[in-house]
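Hi,

Here is the structure I promised to pass on.

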Amino acid sequence: MNTPQNRRPEGTPAGGQFAPNNHPEAGGVALADSASRPIILNQGEDDVYPELADGEVIERLTVSRDEEDPDKYFVYPSRAVNFHALVEHHQPDLDEDAREEWLNRYQPAIDDFMSTRYGAELSGDDWNSIDAECSVIINDPNPTEGRISDAAWNETRIVALANEEDPGTFGTENLSRLLFEHVEATACVPDFHTRKAESERMSADEADRIVEERLGKRELPDAAALHIAYEMGMSGPYPTMARFARTGLGNKEEIRSDLRKIYERDQHSPRATRRGDMLFTYLQHGGDNS
């Protein structure tokens, strides 16, 4: 067996090419003075600090001062993410229209992934350039530009996002692959708020009628799946099932785990078994709203 060698390019720090020590804050007297310059904001105000954004990793850096606590500051580094490029990298056979359809279909799961992994909030309506904004709170009565810069680089996940977005960065995960793995593992109801409203208007008898009509023939519509998931999730300690009913999102395998527990509990109930069977296939194939 060959001994593994560290193939990280010389001069590239652990953590990827965009690791913080690749971007020193100061390089001489003028920059040192800038790093010690105080942040001057009234309570409730915010401002953009272009001099603290390197333009490569952090494209925009905004600082906000809390309205109530004068020592609390919010630091928001952000960068544009090209989701079309991420999809194309993982599925090069999809054309632009197919990529757009995929991104719109799974937007809730994409938002969830970016928030969970990077603490990033997404905004914008052009998938070629979606703003991903990370955030961190610092408590400091007299913050300086150097303190703000340090918080942005070292206390948020903006650097990890930049590294993982670049498929050529050595020693980091690949955002394109991670995104697809998350979407494939997530049950995601499109147009959730509309389907949720429909599920809340649906009676238990109507849900059962849909199950009987479609059993072994067609998948559940999203509204019926949410209705059944809500009843199941509220019937015991089934947190993933309950979250799916509330948000339209949930890890498929964790929902299946909850279903297996419900199967075992209600094994003598034909009604519960039919409902469980339909939810199992719904998780595999998605909803049929036609």
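A word on terms before the notes: contact here means heavy atoms within 4.5 Å, and helices (H or I, at least four residues) and strands (E, at least two) are DSSP runs, numbered from the N terminus. This is a predicted model, in which local features need pLDDT of at least 70 and side-chain atom pairs count only at pLDDT 80 or more, while totals for chains, interfaces and linings use all residues. Residues are numbered from 1 along each chain as its sequence is written, and side-chain values use heavy atoms, with hydrogens and water left out.

Overall picture: the protein has 13 helices and eight strands. Of its 290 residues, 43% count as buried (buried is under 20% relative accessible area, exposed over 50%, partly exposed in between, with a 1.4 Å probe and protein chains only). If you take the contacts between residues at least 6 apart in sequence, 61% of them join residues at least 24 apart.

Now the helix packing. Helix 4 (residues 107-118) and helix 6 (residues 158-165) pack at about 120 degrees, with their axes 10 Å apart. That makes helix 4 oblique to helix 6. For the geometry, axes are lines fitted to C-alpha atoms, for helices over the stretch in contact, and angles run from 0 to 180 degrees between N-to-C directions. Angles under 35 degrees count as roughly parallel, over 145 as roughly antiparallel, 65 to 115 as roughly perpendicular and the rest as oblique. The residues that meet are Met114, Arg117 and Tyr118 from helix 4 and Ala160, Leu161 and Glu164 from helix 6. By class, this contact has four nonpolar, no polar and two charged residues (Ala, Val, Leu, Ile, Met, Phe, Trp, Tyr, Cys and Pro count as nonpolar, Asp, Glu, Lys and Arg as charged, and the others, Gly among them, as polar).

Helix 2 and helix 7 come within 9 Å of each other, axis to axis, and cross at roughly 85 degrees, so they are roughly perpendicular. On the helix 2 side the contact is made by Phe83, Leu86, Val87, His89 and His90, and on the helix 7 side by Leu175, Ser176, Arg177, Leu179 and Phe180. The class count for this pair is six nonpolar, three polar and one charged.

Helix 3 (residues 96-105) has Arg99, Trp102 and Leu103 as its buried residues. These cover an arc of only 95 degrees around the axis, so they sit on the same side of helix 3 (the arc is that of the directions from the helix axis to the C-beta atoms). They pack against helix 2 (83-90), helix 4 and helix 7 (175-185), whereas Asp97 and Glu101 are exposed on the other side of helix 3.

- Glutamate 145 lies in helix 5 (residues 145-154) and counts as buried, at 4% relative accessibility. Leaving aside neighbours within four places in sequence, its contacts are Ser34, Ala35, Arg37, Ile39, Tyr49, Glu51 and Leu52.
- Aspartate 191 is in the loop between strand 7 (186-188) and helix 8 (192-201). Its phi is positive, about 50 degrees, although it is not a glycine. Most residues other than glycine have a negative phi. Aspartate 191 is partly exposed, at 48% relative accessible area.
- Glycine 287 is in the segment after helix 13 (270-285) and is partly exposed, at 36%.

Cheers
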